[in-house]
Amino acid sequence: MKQRLLTPGPTPVPEETLLEFARPMIFHRTAEFRVLLAEVLADLQTIFCTKNLIIPLTASGTGALEAALANSVPAGAKIICLIAGRFGERWKNIAKAFNIESINVTVPYGQAVQPDQLAKALADHPDAIAVCSTLSETSTGVGHDIAAFGKLIAKTPALHIVDAISGLGAMECRTDEWQIDINCTGSQKALMMPPGLAFLSVSDKAWQAIDKNANPRTFYFDLKKAKKNLETSDTPYTPAHTMIRAMRVSLKKILAEGIENVWARQKRYAEAARAGFQALGLELFPAQPNTALTVVKMPAGIDSTTLLTKLEKQYGLKLANGQDTLKGKIIRLAHMGYIDQFDILAALGGVELVLLEMGHRIEPGAGLSAAQRVFAKA
Ligand SMILES: *Cc1c(COP(=O)(O)O)cnc(C)c1O
């Protein structure tokens, strides 16, 4: 049976990228690798829409989040965390681990934090060093208006720090135009790579805060040291250089299409997935959905754990469940990265078959037909 991985990380990796991993090992302190790293970081700048320096880390995405806070926020200082789900909560938990006070602006799962909520928090806490938000809240499928956040934050001394781990490359994200000071991502979501690399872009405003912070509470993730090393396209410690070598291939694929075209395609995928699920009577879970993944509620009497197990066992379709309190209640279909319209149709077709098997009354083909209509008008 053909397996289809449609989870919000890890995501499928293109065959030509996978083949890079079969090539012989190279040494990393060489001109050859320095050229490669510089090229990959330049390509990432295009994808991030930034002129800022991008720092590579050997870590999963969370490593970039931790590096952002550990380097730029001193112990005892205050930040504002915008929380709309599990990944927003992660900001708060990292702050706690580093003895940073977090002011939490929290909305119920499925809702998005609104710019006026941020405006109020900034007015109430003019001493906040940073605002931490999430572009795509992968746990609920919500997308945030990072451009609006950026406008508000830029008027204050606070840094604008964004978790764009599942959003970057799957939805519009303009780092410089949206005044994002530290933009964090990981390799295994929309960038068509296995897990293991994290990246963050750092603005001049952020470098000022980092330089001022005499005591970064990290050794491995010291961004000042990383910046110094990047002057010669080097890294302080052994980089995951075979990952970087493979990533070059995935990034060229994105650049060949053009990042704006990728965003437009992602929008079409999300539209088709939403239309398909809605035609089956499944409601969208997020009030303000993003285009990286589509998250829907289960109809009465259908447990998503049962549905997802059947999808995987019977049809090789791997979608994601809700986490924590949302487990059993929602399904998450990721359509970021190396995914095409036929993967989305396969997922919808599988969901139709399983719903019918579970006794839910739907018209076979109703979801597929709604999605096809979206693809047909493109
Ligand atoms: C996947 C994801 C993370 C976690 O990244 P890891 O690579 O597991 O450390 C954080 N934030 C968001 C929004 C994500 O989608």
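**Local geometry, helix packing and aromatic pairs**

Gln 179 is placed in the loop between strand S8 (159–163) and S9, where helices (H or I, at least four residues) and strands (E, at least two) are DSSP runs numbered from the N terminus. The model is a predicted one, in which local features need pLDDT of at least 70, side-chain atom pairs count only at pLDDT 80 or more, and totals for chains, interfaces and linings use all residues. Residues are numbered from 1 along each chain as its sequence is written, and side-chain values use heavy atoms, with hydrogens and water left out.

Most residues other than glycine have a negative phi, and most peptide bonds are trans. Gln 179, although not a glycine, has a positive phi of about 55 degrees. Its relative accessibility is 37%, so Gln 179 counts as partly exposed; buried means under 20% relative accessible area, exposed over 50%, and partly exposed in between (1.4 Å probe, protein chains only). Asp 324, also a residue other than glycine, has a positive phi near 60 degrees and lies in the loop between strand S13 (320–321) and strand S14 (330–334).

The peptide bond joining Gly 9 and Pro 10 is cis, with omega about -10 degrees. Pro 10 is found in the loop between strand S1 (4–5) and helix H1 (15–20). Both Gly 9 and Pro 10 are touched by Gln 188, as are Thr 11, Met 193, Pro 194 and Pro 195, not counting residues up to four places away in sequence; contact means heavy atoms within 4.5 Å. Gln 188 sits in the loop between strand S9 (182–186) and strand S10 (197–202) and is buried, with a relative accessible area of 11%.

Helix H2 (residues 31–48) packs against helix H9 (residues 241–257) at an angle of about 40 degrees, the axes being 9 Å apart. Axes are lines fitted to C-alpha atoms, for helices over the stretch in contact, and angles run from 0 to 180 degrees between N-to-C directions. H2 is therefore oblique to H9, given that angles under 35 degrees count as roughly parallel, over 145 as roughly antiparallel, 65 to 115 as roughly perpendicular and the rest as oblique. Residues making the contact include Phe 33, Leu 36 and Val 40 of H2, and His 241, Ile 244 and Leu 251 of H9. His 241 is buried, at 8% relative accessible area. With residues up to four places away in sequence not counted, His 241 touches Met 25, Ile 26, Phe 27, His 28 and Phe 33.

Across the whole structure, 4 aromatic pairs are found. Rings of Phe, Tyr and Trp (its six-membered ring) pair if their centres lie within 6.5 Å; planes under 30 degrees apart count as stacked, over 60 as edge-to-face and the rest as tilted. The rings of Phe 219 and Tyr 237 form a tilted pair, because their planes stand at 35 degrees, with centres 5.9 Å apart. Phe 219 is exposed, with a relative accessible area of 60%, whereas Tyr 237 is partly exposed, at 24%. The rings of Tyr 269 and Phe 375 have planes at 85 degrees and centres 6.3 Å apart, so this pair is edge-to-face. Tyr 269 in helix H10 (residues 259–279) and Phe 375 in helix H13 (residues 366–377) are 106 residues apart, and the pair links distant parts of the chain. Tyr 269 and Phe 375 are both buried.
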